[in-house]
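Here are my notes after going through the model you sent. Have it open alongside as you read.

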Amino acid sequence: MCGISGVAGLTDVSHILLASIKSLEYRGYDSCGMAILAQRRIEIRKDVGTVDEVIQRQRLYEVHGLLGIAHTRWATHGGVTSVNAHPHRSSDGAFAVVHNGIISNYRQLRGELEELGYVFSSETDSEVIPHLLHFYYRREQDVERALQCCLARLEGSYAFALLTTHEPERLYCAKLQSPLILGIGSNQNFIGSDFNAFIAYTRSAVVLDDHEYAVLTNDSYRIINALTSLPIRKNLMHIAWDPEQAQKGGYPHYMLKEVFEQPQTVSKVLAIERGELEKLARSLFDAGRAYFIGAGTTYYAALFGQYQLAELAQLFVPAISSDEFKFGALVDAETLVVAISQSGETYDTLEALRFAREHGAHTAAIVNVQGSSMTRLVDQVIMQGSGPEICVVSTKSALAQMLILTRLALVAGLLRGTLSAVQYDEREAELRLLPAVIQRILNEKSGFINTIARRHCHVNDWLYLGRGIYYAVAMESALKMKEVAYLHAEGMPGGFLKHGTLALIGEGVNTIVFTPPRAQRELHDLSLGSTEEVKARGGYLIGIHFDAEPSLYQDQVQLPEMPAILGPFAQLVVGQLLAYFAATALKRNVDKPRSLAKSVTVA
Ligand code: AGP
């Protein structure tokens, strides 16, 4: 959740460090800080606020040196205060640490250290790390030994970076369950929570695994297994992302940029080799039972997959929210669990996968971030290739995942014989129209959707209704509205409405109906039924439809005619734009909504 970075350079690194932490700001943005080592002294500056605010208020640009670490925080333990912001230091000022994760035994460690006379200045779990380092350094008189002793005491999850006046040319970092990556440059080396920490400077990376720590200078690095103290050789990974893709490129927000990138995102998914999908389809056939799992948006992508597999391949692969997986699923050696994740670092999803593996299950994942923990944990991976998604709310990545699951369902249908070769070819050909269809919606409907969003952005309560696969679209679209516009939007199946929620319909509640094309006769007619139920009770209706009777709705977004298989994707784009424009009309922090973080790496 928090972003950490570190740089060891030959010349002043402070401007690199600030750029780096700014690039990681989507991981957490309630406070930030940095520590720079110069002339055998560590200077720490930190405060609450965004990176830009803290840079200006604390004049971070005034601090210079060849070695530094920085942090942008998403508070877990301890309120959002300047004192709780990272870096944290040891009482003698010799160690400074930035940490991401949760030290689960910090109360016990803090108690022990306090008994020894250590004074804590913050409420964080993280502060135990510099004090432990100080304690063990006094005993061992060696930084690396002190780090090893410290790691042996820490429980929970961590990725942390440290610098120390005892070794003014070296950065240290360590990892357990929270992501940590080294960037290997020329005359400068980096530490980052993810590639964005250093992709502007180098595309060579080394991904650390659990129980590993690393020692870096500006021209060397070594990695050690913390459990055995033995050195580890690891291959350099080339980061496939283009650094340009991580820039806003003239758009006012990353969210809008990423929504507008979707025609290219789709093309990337369409380029995924059929053989890859076949492999996963065969794993689904081989499994005694299979699940799709995800969290938040990726749970809705999973739900989307459930509907597609059922319809196109007549396979039942239920979707389960990752955080509920171990309580609601049956897992054994015959089970396949397919996880969906943009970051590949989401704690709940990783935990569900670990649980599945412990029970002997086979695992697979659809992931966007190369080298992420999930890609290394599972037996089988499909990389979605969507490029960096910087906005905290997921848009292009979700669409890509839903499309991959659709292609998987088509391949599975073909292999199982629920689709003929002709039907399969027709559906695949239809999917190839999707980039142009999305482009047309972006070009022709954005202005119109903006008008609707502005007209209604002051309505606090929204119902999002969909039937069949459009139910998944409604759920995801409602989540977008909640996340980015902070409006209460509840998604549900249209048929569910009459079983209670109908009581809410009236003044002050808007209902959006995701109506399928007329060609999907049953779903279309059922959606009209839900629409009538709302209308009869005087509810305000906004229709997103293709060919329904316009007089049914007070407001509407009518989409062009298109093959039925494209309908849910087209409506998803409308849902994204509606949320985006409502958020901008309400002057929300679009790319970094309050209380959220891009990748949720804690329980
Ligand atoms: C999406 O808009 C959300 N920010 C959130 O629900 C997200 O999809 C979820 O936390 C899963 O993240 P992941 O895809 O990185 O695993």
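1. Ground rules. This is a predicted model, so to speak of local features I need pLDDT of at least 70, and side-chain atom pairs count only at pLDDT 80 or more, while totals for chains, interfaces and linings use all residues. Numbering starts from 1 along each chain as its sequence is written, and side-chain values use heavy atoms, with hydrogens and water left out.

2. Domains. The chain is assigned domain 1 (3-245), domain 2 (253-432) and domain 3 (442-590); these bounds come from an automatic or database domain assignment. Between the C-alpha centres of domain 1 and domain 3 there are 45 Å.

3. Strand β7. Take a look at residues 156-164: eight of the nine are buried, so β7 is largely enclosed by the rest of the structure. Buried here means under 20% relative accessible area, with a 1.4 Å probe and protein chains only. Strands are DSSP runs of E, at least two residues long, numbered from the N terminus.

4. Its partners. β7 runs antiparallel to β6 (residues 95-103), with nine bridges joining them, and Asn100 sits opposite Ala159 in β7. Pairing requires that DSSP finds at least two bridges between two strands. β7 also pairs with β8 (residues 171-176), again antiparallel, over five bridges; there Leu162 faces Tyr172 of β8. The hairpin from β7 to β8 goes through six residues.

5. The largest cavity. Searching the whole structure turns up two cavities of 30 Å³ or more. A cavity is a set of points on a 1 Å grid over the protein atoms alone where a 1.4 Å probe fits but cannot get out, and lining residues have an atom within 4 Å of a point. The largest holds about 180 Å³ of space, the volume being that filled by probe spheres set on the points. Where does the largest cavity lie? Domain 1 and domain 2 both give residues to its lining, so it lies between them. Of its 18 lining residues, Tyr26, Arg27, Asp194, Ser343 and Val369 are nearest the centre.

6. The second largest cavity. This one has about 90 Å³ of space. Its lining has 14 residues, with Cys2, Arg73, Thr76, His86 and Gly101 closest to the centre. Which strand gives the most to this lining? That is β6, with three residues.

Note on methods: Buried means under 20% relative accessible area, exposed over 50%, partly exposed in between (1.4 Å probe, protein chains only). Helices (H or I, at least four residues) and strands (E, at least two) are DSSP runs, numbered from the N terminus. On a 1 Å grid over the protein atoms alone, a cavity is a set of points where a 1.4 Å probe fits but cannot get out, and a pocket is an open set with protein on both sides within 12 Å along at least five of seven lines; lining residues have an atom within 4 Å of a point.
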